[in-house]
Amino acid sequence: MTVHSVSDVTRYIKGLFEGEAILSDILIRGEVSNFKRYPSGHCYFTLKDAGASMKCVMFNGYARNLRFTPENGMQVITGGSVSVYERDGAYQLYVNSMTPEGAGALALAFEQIKEKLYAEGLFDEVHKQPLPRFPRRLGIVTSSAGAVLRDIHNVAKRRWPSVQLILHPVLVQGAEAAGQIAAAIRFFNEKYPVDVLIVGRGGGSAEDLWAFNEEPVVRAIYDSKIPVISAVGHETDTTLADFVSDRRAATPSQAAEFAVPDAAELRQYAAGLLVRLHAGRRRRMEQRREQLKALIDRPWRRNPKLLLASAMQRTDRTVERLHRAAQTERTNARHRLELVLKRLELLNPVQMLYRGFSVVEKDGKTITRSKALAVGDHLNITFADGKISAVVEAKEKQHGA
């Protein structure tokens with residue numbers, strides 16, 4: 001009996017796997033677990049059901065085409081081939097396609113990206129920029145072919161002929177579309193500033209519109225310092241570019257209507273303002289004319305002295321009141337003066353002498369108490385009609401003094 005090496009046996013088993021047609025192109029349903037994407041882009045996971053599990057690998061060349069992000073617990077249908085990984089001697093599924101079971105891959109990817117960007121705040125209203133009222137330059141990011149550019153041009157030029165339209169042509173579907181759209185938005189922001197940007201394309205399937213759901217495009221719109229109007233598809237189509245843009249238009253034609261004002265409407269509005277201005281001026285002139293007529297018809301115009309009559313009368317009454325007030329004040333002052341003089345008169349020492357009082361002095365000092373004198377003191381006594389000299393001969397003590 002021949003002895004075989006491990007490698008020989010593994011290689012033989014691998015050949016058996018690869019020789020089976022059913023295993024070289026097979027679809028397998030199962031639940032994803034232990035999913036991991038390495039920096040190389042390769043994805044490794046396990047596909048399992050209630051009774052078994054299978055190791056799987058999806059290399060970067062296929063993984064980068066996934067529209068959604070596989071997650072643990074997700075039911076998927078995978079396509080690929082079953083073979084043996086010789087180093088471990090274990091069979092595994094080499095996956096080249098994967099779709100979620102139930103919801104479509106695009107719908108699932110749409111919700112995953114939307115949830116992620118919503119959590120980051122990219123769709124918040126606080127970040128929305130107002131559109132300028134009278135733009136001079138309008139940037140357009142779309143395909144150079146098709147009706148979109150023609151519709152935007154026709155509507156914009158009809159409404160606002162002076163606006164300048166600048167096209168940055170891009171692919172609007174396919175693998176390279178998202179990168180070109182994002183680069184065009186950055187180009188206008190960094191190298192060729194305009195007042196407003198219209199980013200869009202015509203209608204199509206979800207696959208056709210997918211470029212406007214990809215993160216590079218959504219983030220480029222969010223980072224744009226220029227207000228962005230999204231015009232992707234028709235009215236019923238919705239993309240993530242619609243959520244992040246400053247204004248969403250249902251069609252490219254409506255985007256042009258949002259971007260520029262209507263000159264005809266402005267002329268009509270200005271004409272209405274002019275009519276109102278003339279009407280207001282005529283009304284004001286009529287009011288002033290009526291006021292002037294009322295002034296002309298007043299009596300004082302025929303007799304201008306009437307203008308001064310009331311003022312003169314007020315002046316006379318005022319002067320009369322001042323005279324009366326001055327007279328009253330003089331009378332009151334005279335009375336107050338007489339009262340003061342009478343008080344002074346009562347306090348005059350000479351008058352007191354006439355009423356029987358006298359002033360006793362000793363050595364030039366006025367004596368008011370008897371205890372200040374002694375027997376034998378020489379005194380000067382002043383009466384109303386003159387002075388006398390006297391000598392104290394005796395003192396009598398008065399009780400209670």
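Asparagine 213 touches Phe110, Ile113, Val218, Thr239 and Leu240, residues up to four places away in sequence not being counted; contact here means heavy atoms within 4.5 Å. The structure is a predicted model, in which local features need pLDDT of at least 70 and side-chain atom pairs count only at pLDDT 80 or more, while totals for chains, interfaces and linings use all residues. Residues are numbered from 1 along each chain as its sequence is written, and side-chain values use heavy atoms, with hydrogens and water left out.

Asparagine 213 lies in the loop between strand 8 (196-201) and helix 7 (215-223). Helices (H or I, at least four residues) and strands (E, at least two) are DSSP runs, numbered from the N terminus. Asparagine 213 has a relative accessibility of 4% and therefore counts as buried. Buried means under 20% relative accessible area, exposed over 50%, and partly exposed in between (1.4 Å probe, protein chains only). The side chain of asparagine 213 also reaches the backbone nitrogen of leucine 240, at 2.8 Å.

Helix 5 (residues 147-159) consists of 13 residues. From its first C-alpha to its last, helix 5 reaches 18 Å, close to the 18 Å expected at 1.5 Å a residue; the expected span is 1.5 Å times one less than the number of residues. Val148, Ile152, Val155, Ala156 and Arg159 are buried in helix 5. Seen down the helix axis, the buried residues of helix 5 fall within an arc of 95 degrees, so they line one face of the helix. The arc is that of the directions from the helix axis to the C-beta atoms. These buried residues pack against strand 6 (137-142), strand 7 (164-169), strand 8, helix 9 (252-259) and helix 10 (263-296).

Strand 1 (residues 26-37) and strand 2 (residues 43-48) pair in the antiparallel sense over five bridges; two strands pair if DSSP finds at least two bridges between them. Valine 32 has leucine 47 in strand 2 as its bridge partner. The two strands form a hairpin with five residues between them, and glycine 41 in the turn has a positive phi of about 100 degrees. Strand 2 is joined to strand 3 (residues 53-58) by six bridges, and these strands run antiparallel. Tyrosine 44 stands opposite valine 57 in strand 3. Strand 2 and strand 3 form a hairpin with four residues between them.

An open sheet of four strands has the order 12-11-13-14, with antiparallel pairing. Strand 12 (365-367) and strand 14 (386-391) stand at the edges with a single partner strand each, so one side of each is left without a neighbour in the sheet.

Note on methods. Polar contact = N/O pair within 3.5 Å; in protein donor to acceptor, adjacent residues only side chain to side chain.
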